[in-house]
Amino acid sequence: MNSISTATPIRVAATLPKHYVQFTVRTYTRGIATTRLRCSGSYFSNNYTHQPATKRLIHSTPKSQIKEYFPPPDAPKIKEVKSAWVHPVYTEEQMLSVKVGHRDAKDWSDWVALGAVRVLRWGMDLATGYKHPTPGQENNPRYQMTEKMWLNRFVFLESVAGVPGMVGGTLRHLRSLRRMKRDHGWIETLLEEAWNERMHLLTFLKLAEPGWFMRLMVLGAQGVFYNGFFLSYLVSPRTCHRFVGYLEEEAVLTYTRAIADLEQGNLPKWTSEKAPEIAIQYWKMPEGHQTIKDLLLYVRADEAKHREVNHTLANLNQVADPNPFAVQYKDPAKPYPGKGLATLKTKGWEREDVI
Ligand SMILES: [Fe+2]
Ligand SMILES: [Fe+2]
């Protein structure tokens, strides 16, 4: 594993001070590739157009007894419900350029956030049966992940990841109402992030059928996490955004390892499996790029964007600064942050390890 550290200014707005995000890239070479690990939306989350049921890979009940988690409602006159949030289209090159990364903690707030993520990561590993192999133990069957184990981890991770954006958006919305002041564009980005995470969850639920234990874990985690994050955001929104930034680092790492596992042929059921229809529509997955591996690349790209957004928001004045991902700048010729990965790839202000 190689590490490099760089510091690059993130230009937020002409009127704002420059903020710096210190990121360390961990470049996983073939080492990770051989590592063996254990372990809605735009309109179509509400898409009333009946799609053929996706084949479920992971289930323990007879196929005839498998429940559809979100079947089309019995509303024959409704074709579909459209969303105002259209997901940006990623190119394959952009998705393949996503890197595992880590922003170094620099002050007590960062350390609190990083410590909380490490505790959460420990709990998530425990809940999903993930054991990270020690060096030299990569091929030990004890650390081997199956498709079902990865899906358990994805479902648990996504059920947690969908909470912060909704809490942050809600609290900033209430503050705007309460203080009768503008929000400067943060609410929409936060709510869209929560929406995006929920789409991840709904997608994976088309592939897996969580058992009662996983449901119980999700219930408990949400009960604790929602309330804990709510109170924490009231105290220090900056720390909370940093926490999400670190959480997203873990998400990128998880999906990177799953992709590597799949590429190594350790997940044979996924090699030729098609992504669920809900995912194909949401990410606008092109023909010929609709496999489970493609799906994981899309999800990882989303997580990388969340990582960048939240680390950037954590650098800002939480009250006065506008959301740099939602504003329009006077000089469009200059490189600025924005939605999707295109601005990161082409404008030059970003670094690969922030993507
Ligand atoms: Fe996610
Ligand atoms: Fe995320």
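Visitor: In which hand does α7 pass α9, left-handed or right-handed?

Guide: α7 passes α9 in a left-handed crossing; the term is used if the near helix is turned anticlockwise from the far one by less than a right angle, and right-handed if clockwise. Before we go on: this is a predicted model, where local features need pLDDT of at least 70 and side-chain atom pairs count only at pLDDT 80 or more, while totals for chains, interfaces and linings use all residues. Residues are numbered from 1 along each chain as its sequence is written, and chains are lettered from A and ligands numbered from 1 in the order in which they are written.

Visitor: What makes α7 roughly antiparallel to α9?

Guide: Their axes cross at roughly 160 degrees and come within 8 Å. Angles over 145 count as roughly antiparallel, under 35 as roughly parallel, 65 to 115 as roughly perpendicular and the rest as oblique, so α7 is called roughly antiparallel to α9. Angles run from 0 to 180 degrees between N-to-C directions, with axes fitted to C-alpha atoms, for helices over the stretch in contact. By class, 14 nonpolar, six polar and eight charged residues make up this contact.

Visitor: And why is α4 called roughly parallel to α6?

Guide: Here the axes cross at roughly 30 degrees and come within 9 Å, which makes α4 roughly parallel to α6. The contact includes V155, F156 and V163 of α4 and F225, Y226 and F229 of α6. Its residues divide into 17 nonpolar, four polar and no charged. Ala, Val, Leu, Ile, Met, Phe, Trp, Tyr, Cys and Pro count as nonpolar, Asp, Glu, Lys and Arg as charged, and the others, Gly among them, as polar. The crossing of α4 and α6 is right-handed.

Visitor: Where does UniProt place the feature "transmembrane region"?

Guide: The unreviewed entry puts it at residues 150-171 and 212-235; such annotations may be inferred rather than shown by experiment. Residues 150-171 are 100% helix, with end C-alpha atoms 33 Å apart. Residues 212-235 are also 100% helix, and their end C-alpha atoms lie 34 Å apart.

Visitor: At which residues does UniProt place the feature "binding site", and how do you know that they gather at one spot?

Guide: The unreviewed entry lists E158, E197, H200 and E303. They span 146 residues in sequence, yet no two of their C-alpha atoms are more than 10.3 Å apart, so they do gather at one spot. Not counting residues up to four places away in sequence, E158 touches E197, H200, L201 and F204; contact takes C-beta atoms, placed from the backbone, within 7 Å. E158 lies in helix α4, while E303 is in helix α9.

Visitor: What makes E158 count as buried?

Guide: E158 has 23 C-beta neighbours inside 10 Å. Buried takes 20 or more other C-beta atoms within 10 Å, exposed 12 or fewer, and partly exposed lies in between, so E158 counts as buried. With 27 such neighbours, E303 counts as buried too.

Visitor: Why is M180 called exposed, and H184 partly exposed?

Guide: M180 has 7 other C-beta atoms within 10 Å, so it is exposed. H184 has 19, so H184 is partly exposed.

Visitor: What is the phi of M180?

Guide: Near 55 degrees, a positive value in a residue other than glycine. Most residues other than glycine have a negative phi. H184, not a glycine either, has a positive phi of about 65 degrees.

Note on methods. Helix = DSSP H or I, 4+ residues; strand = E, 2+ residues; numbered from the N terminus. Contact = placed C-beta atoms within 7 Å.
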